Amino acid sequence: DIRSHADLSRNAEPLHKPACEFYASLSKRHKVGDKNAKGSSTQAVQANASASSMHVVDVFACSLDQVGILEMGELVESTGGYMVLGDSFGQSVFKESLRRVFRTYEEDVPEDAGKMQMAFGATMEVLTSREFKVSGAIGPVTSLGKKGPNVSDLEVGRGGTNAWSLGGIDPGTTIAVYFDISNPGTSPLPEGKRRFIQFLTKYQHSNGRTRLRATTICGPWHNTPPGDGNKQAPPRPGAGGFNSGMDQPNPVKMSFDQEAAAVLLARVAVERTESEDIADVLRWVDRSLIRLGAKFADYVPDDPSSFRLSPEFSLFPQFVFHLRRSQFLQLFNSSPDEAAYYRYILNRENTQNSLVMIQPTLLSYSFNGPPQPALLDSQSVRPDTILLLDTFFHVVVFHGETTAAWREQRYHEREEHAAFRDLLEAPQADAQMIMDNRFPVPRYIVCDQHKSEARFLMAKLNPSVTHNSEGVGGAQVFTDDVSLRVFMEHLMKLAVQS
């Protein structure tokens with residue numbers, strides 16, 4: 001039998017923990033330094049072997065059964081390696097992904113033209129000004145156990161240090177760094193006080209030379225004015241935008257990056273799944289969203305209908321809605337190996353790619369005009385349209401019922417139906433463009449409405465129309481999950497409670 005998440009929770013897999021310990025021990029072998037040296041810490045002794053040997057472990061696993069990605073994950077993560085999971089070594093998921101490991105820079109890139117994009121033995125150190133400290137990092141990193149005055153006692157991810165080993169890196173490697181404000185709220189900072197962060201990234205280039213990149217960021221602090229936490233009614237229609245009645249907009253509110261915040265929240269949630277039950281993690285995600293709404297939304301206490309979010313926050317709740325339904329926090333229909341693989345990729349990709357994983361993109365193709373972005377909703381499914389879904393791991397071309405019937409009758413092969421032929425070819429060309437610029441290469445799926453592989457699209461849609469509802473238009477989604485509308489109603493009700 002193929003092992004399941006239930007088997008692991010019941011400790012029914014006796015070789016799971018020994019295998020995890022074995023691969024963890026491989027990741028912690030260290031060739032340099034005296035274990036008994038004065039002042040050395042356990043974390044420093046067990047630092048990633050890639051910091052000295054520069055070994056990078058990549059895993060390309062192609063099988064219909066599980067091969068132990070879950071157990072090998074820590075070894076791959078600690079060395080900054082790649083992980084690719086597929087069904088067969090004959091698929092482009094494997095063959096093209098392996099070829100792209102050895103990608104080179106374009107000829108017009110100064111100094112690096114023609115050189116491989118991979119780099120080795122990377123380390124990263126974070127320096128800060130005194131007002132805040134480093135809580136930790138989440139991504140393909142291993143703690144170097146370097147203590148300092150800017151290391152916070154509040155740990156997030158790989159904490160207790162301000163320096164990490166990254167092992168192998170490429171231009172797409174992305175690390176999430178979390179900070180803790182150490183200045184007490186009772187003592188406001190001087191007006192005009194600025195904060196500083198410096199990232200020191202050191203690595204060996206593929207040409208053999210060592211490079212050190214210093215990235216310094218500066219920004220202002222904002223002191224919350226007394227009484228600013230009191231909630232007032234949102235502006236009346238026509239009375240101006242949000243905060244229009246304030247003498248000065250809240251800079252914290254105006255500078256909120258909801259895309260980056262969604263990815264940072266997702267990484268913490270995935271990190272917590274390693275030590276907590278999924279149900280507890282989902283409750284933590286919900287509480288975090290409710291606290292955010294209660295603090296930054298405009299509303300009248302105990303009046304859900306008055307709840308308003310400014311444009312800087314308006315998309316964040318739907319990101320969280322789709323995160324809760326994603327394969328990162330829902331284990332249904334995925335094996336332990338698949339779950340480990342999806343979570344590892346999320347933790348190393350940039351914000352744009354991570355957002356596609358959390359909330360896939362959907363394009364609609366029809367005779368009514370050029371391709372248009374469509375809502376990730378069951379009402380976007382129409383019989384006479386073609387949908388292109390990008391989930392990062394899968395690229396799906398979905399034909400509506402009528403469109404599929406026309407194709408089966410070979411209308412596209414007739415000269416008088418050249419427009420229909422162009423309509424069929426357009427999403428396939430766009431899908432190829434998506435796959436040409438992605439690593440790992442996604443699985444390409446072409447399906448029709450009401451056919452078995454249509455599940456790859458239907459499972460990602462907001463179930464605004466289900467077998468239990470009487471929605472107008474669109475396709476029914478057979479699920480007991482709540483829709484985005486119901487989710488937002490619950491959020492508004494809980495956020496405005498006094």
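Which residues point one way from strand 1, and which the other way? Hi everyone, let's start there, and please keep in mind that this is a predicted model. In strand 1, residues 59–62, V59 and A61 point to one side, while F60 and C62 point the other way. Buried or exposed, these four? All of them are buried.

Now let's look at the partner of strand 1. Strand 2, residues 83–86, pairs with strand 1 in the parallel sense, over four bridges. You can find C62 opposite G86 of strand 2.

On to the core. The largest nonpolar core has 54 residues, and the members touching the most others are I69, V285, F316, Y341 and F393. Helix 8, residues 258–272, gives the most to this core, with eight residues. Let me stay with V285 for a moment. Setting aside neighbours within four places in sequence, V285 is in contact with L265, A269, V320, R324 and L329.

Five strands make an open sheet with mixed pairing, and the order is 13-12-14-15-16. At the edges sit strand 13 (369–373) and strand 16 (443–448), each pairing on one side only. From one strand to the next, the twist averages 15°. Within this sheet, strand 14, residues 386–390, and strand 15, residues 394–399, run antiparallel and are joined by five bridges.

Terms used. Residues are numbered from 1 along each chain as its sequence is written. This is a predicted model: local features need pLDDT of at least 70, side-chain atom pairs count only at pLDDT 80 or more; totals for chains, interfaces and linings use all residues. Side-chain values use heavy atoms; hydrogens and water are left out. Two strands pair if DSSP finds at least two bridges between them. Helices (H or I, at least four residues) and strands (E, at least two) are DSSP runs, numbered from the N terminus. Axes are lines fitted to C-alpha atoms, for helices over the stretch in contact, and angles run from 0 to 180 degrees between N-to-C directions. A nonpolar core is a set of buried Ala, Val, Leu, Ile, Met, Phe, Trp, Tyr and Cys residues joined through side-chain atoms within 4.5 Å. Buried means under 20% relative accessible area, exposed over 50%, partly exposed in between (1.4 Å probe, protein chains only). Contact means heavy atoms within 4.5 Å.
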